[in-house]
Amino acid sequence: NIPGNPKDGPLAARAINRILDAAKVKTAVHLCFGNYGGQTIQKGTWAKLMDYLNALQIDHIVMETAHRPPAELAVFKDLRKDIGFGLGVVDIKRTEIEKPDDIARAIERAEKVLGKGRVKYIHPDCGFWMLKRSIADAKMRALRLGRDRFEGIAA
């Protein structure tokens, strides 16, 4: 529970890095502020977690950003450049289906804030365990269409 207890970041980074060091594949770490029935269960900000994230020996991070305040994205400018940034563009805490144009704008906004090419991955904020399959499928379709619009690929 690092988002809820950022003071535990150094201990958690050491433990996670031991596991990551043994991995012979691309590695990623996911962090979010929790999702219990659509509710955020931890308080805090990404700013308090940057030292932890930068301590990880990781290929990329998978972050909850769709459900977070847009202004908070700027803290990721301080993420080590060798860590690929994964941008959450689908809010799994809501059942409303995102519009592809909104997803494309979220990617564009992140690129403006973080720099062109800094966003390496787009994804849902977290898992879809609490959503009906039809909603999860529709959200993933919207993610793909939004990515395609951002990249200028005709549908």
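**Helices, core and side-chain pairs**

In this predicted model, helix H1 takes in residues 9-22, and its 14 residues reach 20 Å from the first C-alpha to the last, close to the 20 Å expected at 1.5 Å a residue. Five names make up the buried set of H1: Gly9, Ala12, Ala13, Asn17 and Leu20. Looking down the axis of H1, these buried residues fall within an arc of 130°, so they line one face of the helix. An α-helix has 3.6 residues a turn, so residues three or four places apart point the same way. The other side of H1 has its own list, with Leu11, Arg14, Arg18, Ile19 and Ala22 exposed there. As for what the buried residues of H1 pack against, the partners are strand E1 (28-31) and helix H2 (50-55).

Helix H3 can be checked in the same manner. It has 15 residues (100-114), which at 1.5 Å a residue should span 21 Å; the end C-alpha atoms of H3 are 21 Å apart, which agrees. Buried in H3 are Pro100, Ile103, Ala104, Ala106, Ile107, Ala110, Glu111 and Leu114. These residues cover an arc of only 155° around the axis, which puts them on the same side of H3. Their packing partners are strand E3 (84-90), strand E4 (119-124) and helix H4 (133-151). Just after H3 comes Gly115, with a positive phi of about 110°.

Next comes the nonpolar core. The largest one has 36 residues, and those touching the most other members are Tyr52, Leu53, Ile61, Phe76 and Phe85. At least two residues of this core come from each of H1, E1, H2, strand E2 (60-63), E3, H3 and H4. H3 gives the largest share, 5 residues. What does Ile61 touch, leaving aside its neighbours within four places in sequence? The contacts of Ile61 are Val29, Leu53, Phe76, Leu79, Ile83, Gly84, Phe85 and Gly86.

The structure holds 2 aromatic pairs. In one of them, the rings of Trp46 and Phe76 have centres 5.9 Å apart and planes at 55°, so the pair is tilted. This pair links distant parts of the chain: Trp46 sits in the loop between E1 and H2, Phe76 sits in the loop between E2 and E3, and the two are 30 residues apart. Trp46 and Phe76 are both buried. The rings of Phe76 and Phe85 also make a tilted pair, with their centres 4.8 Å apart and their planes at 45°. Phe76 has a relative accessibility of 1%, so it counts as buried, and Phe85, at 1%, counts as buried as well. Put together, the ring pairs join Trp46, Phe76 and Phe85 into a cluster.

Charged side chains are the last topic. A search of the whole structure turns up 12 salt bridges. One of them brings Lys112 and Glu108 together, with the closest N and O atoms 3.6 Å apart. Lys112 and Glu108 are 4 residues apart in helix H3, so about one helical turn separates them. Is Lys112 buried or exposed? With a relative accessibility of 65%, Lys112 counts as exposed, while Glu108, at 39%, is partly exposed.

Asp137 and Arg133 are both in H4, 4 residues apart, or about one turn of the helix. Asp137 has a relative accessibility of 31% and counts as partly exposed; Arg133, at 64%, counts as exposed. Asp82 and Arg80 form another salt bridge, their closest N and O atoms being 2.9 Å apart. Asp82 is exposed, with a relative accessible area of 53%, whereas Arg80, at 22%, counts as partly exposed. Finally, a network of salt bridges links three residues, Asp91, Arg94 and Glu96.

Key. Residues numbered from 1 in each chain as written. Predicted model: local features only at pLDDT ≥ 70, side-chain atom pairs only at ≥ 80, totals over all residues. Heavy atoms only, no water. Expected span 1.5 Å × (residues − 1). Buried < 20%, exposed > 50% of the residue type's maximum accessible area, 1.4 Å probe, protein only. Arc of directions from axis to C-beta. Contact = heavy atoms within 4.5 Å. Salt bridge = Lys/Arg side-chain N within 4 Å of Asp/Glu carboxyl O. Core = buried A, V, L, I, M, F, W, Y, C linked by side-chain atoms within 4.5 Å. Phe/Tyr/Trp six-rings, centres within 6.5 Å; stacked < 30°, edge-to-face > 60°.
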